[in-house]
Amino acid sequence: DEYLIKFNEILDDFFADLLGEDYDQRLGIDVDDLEDLMQLLADFNAAANPEALERMAALQPIDRAAMKDAKSSIPAPIPMPAAARPTTLSAEDIARARNIGSQIRGRFAQTLVGQDNLRESLITTLVAGGHILIESVPGLAKTTAAQTLATSVSGSFKRVQCTPDLMPSDLVGTQVFDFATQKFSTQIGPIHANFVLLDEINRSNAKTQSAMLEAMAEGATTIGGQRIALPKPFMVIATQNPIEEEGTFNLPEAQMDRFMMKAVLTYPTAQEEQRMLAMLTRRGSDTVDQHALTGDTVSISDVEFLRSAARRVHVSDAIMQYAVDIAATSRGAGTKPVQGLSSLVRLGASPRASIALVRIGQANALLQGRDYVIPEDVKAFAHEVLRHRILMTFEALADGVTSDQVVDSIVQAVPVP
């Protein structure tokens with residue numbers, strides 16, 4: 001209170017010297033009201049705002065020329081120039097991006113046989129700055145692929161094995177009382193890492209799932225009223241098993257929308273499975289020793305470069321309209337609506353889907369060595385972007401119609417620019 005009183009006196013003396021001792025009577029201001037003085041100060045600082053001059057002059061017909069002179073004596077704030085940011089990609093930038101992508105693929109070649117779609121989905125999601133959900137039956141290298149991507153980058157990596165008794169504080173962190181200092185200390189949880197693998201996310205309860213997805217959306221966590229930002233880059237790789245129901249909690253559709261892509265794995269071919277056995281035999285171990293992998297890891301600065309470069313990939317109006325048209329067609333609209341779609345789809349893709357299509361298209365174009373997006377970049381990952389955002393009707397599920405089949409009909413129906 002003493003500081004506020006002193007500040008009030010300073011403002012009163014300032015305006016008395018500037019406008020005269022009777023300025024409060026002429027302007028109708030209570031000198032004992034700090035809010036009135038602060039409003040007057042704000043009006044004087046609005047040197048470039050003629051409405052402020054008119055408003056103050058209307059309070060009492062004082063000398064307007066003197067007021068302008070007084071305002072001109074207060075220096076206007078000097079605008080700071082915005083940091084120059086390149087809007088186009090150079091040939092060196094594109095070459096560097098392709099080289100980084102090749103480094104990551106080289107690490108996958110040492111740990112994974114087949115599953116090319118999963119590898120490209122993981123790398124593209126990383127570049128686009130999103131999160132990915134991987135779904136498959138057990139034994140198809142979901143965890144191995146996620147660990148390979150995470151360990152390909154020199155950032156921090158944490159793995160969380162989700163269980164029904166996993167609580168939000170186990171993931172986010174909590175406050176622990178320190179008897180030595182008689183104070184609470186904040187202990188951050190495993191989600192505070194550059195790469196977080198949430199293994200079998202559908203085994204965690206709804207409260208913990210909400211805490212996970214809140215961190216994904218906000219990029220920060222709150223522990224004991226203290227907001228703690230997550231490290232950058234931050235990426236969540238979640239896996240789930242679709243065949244087990246006991247002891248599982250299905251992710252709500254609204255929360256599934258937070259994942260930029262959902263990859264669904266299938267069984268490898270006989271040749272791929274034989275190559276996998278040969279690799280395991282040469283390695284002498286069924287588990288991957290990440291420290292034994294050859295090739296340089298990608299730095300955090302390289303990942304930040306990839307993400308910033310992807311945002312500078314040119315997207316034409318036609319490509320944007322194409323992405324919007326695909327999302328709108330899933331909702332029963334679009335330029336070429338699919339006949340009978342309303343009987344199959346209960347809820348179509350949200351505008352977040354069209355954003356993801358464009359972001360994924362930019363990332364894929366960059367990894368392919370282009371500084372512009374073509375329709376094939378959008379179509380390449382249409383299933384991964386849309387399959388978890390399209391909700392099927394009960395009749396469609398009973399007839400065995402899948403969301404991938406609906407995406408096929410949408411992509412086929414929407415005219416390509």
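Which residue in strand 4 does Phe177 stand opposite? Phe177 faces Phe184. Strand 3 (residues 173-178) and strand 4 (residues 183-188) pair in the antiparallel sense over six bridges; two strands pair if DSSP finds at least two bridges between them. Four residues lie between the strands of this hairpin, where Gln182 takes a positive phi near 60 degrees. Helices (H or I, at least four residues) and strands (E, at least two) are DSSP runs, numbered from the N terminus.

The model is predicted, with local features needing pLDDT of at least 70 and side-chain atom pairs counting only at pLDDT 80 or more, while totals for chains, interfaces and linings use all residues. Residues are numbered from 1 along each chain as its sequence is written, and side-chain values use heavy atoms, with hydrogens and water left out.

The largest pocket holds about 820 Å³ of space. A pocket here is an open set of points on a 1 Å grid over the protein atoms alone, where a 1.4 Å probe fits, with protein on both sides within 12 Å along at least five of seven lines; lining residues have an atom within 4 Å of a point. Grid points are joined across faces, edges and corners, and a volume is the space filled by probe spheres set on the points. Among the 26 lining residues, Glu135, Gln240, Pro242, Met256 and Lys262 are the closest to the centre of the largest pocket.

Turning to the second largest pocket, its space is about 520 Å³. Of its 25 lining residues, Gly129, Gly130, His131, Met216 and Ala217 are the closest to its centre. Helix 15 gives the most to this lining, with four residues.
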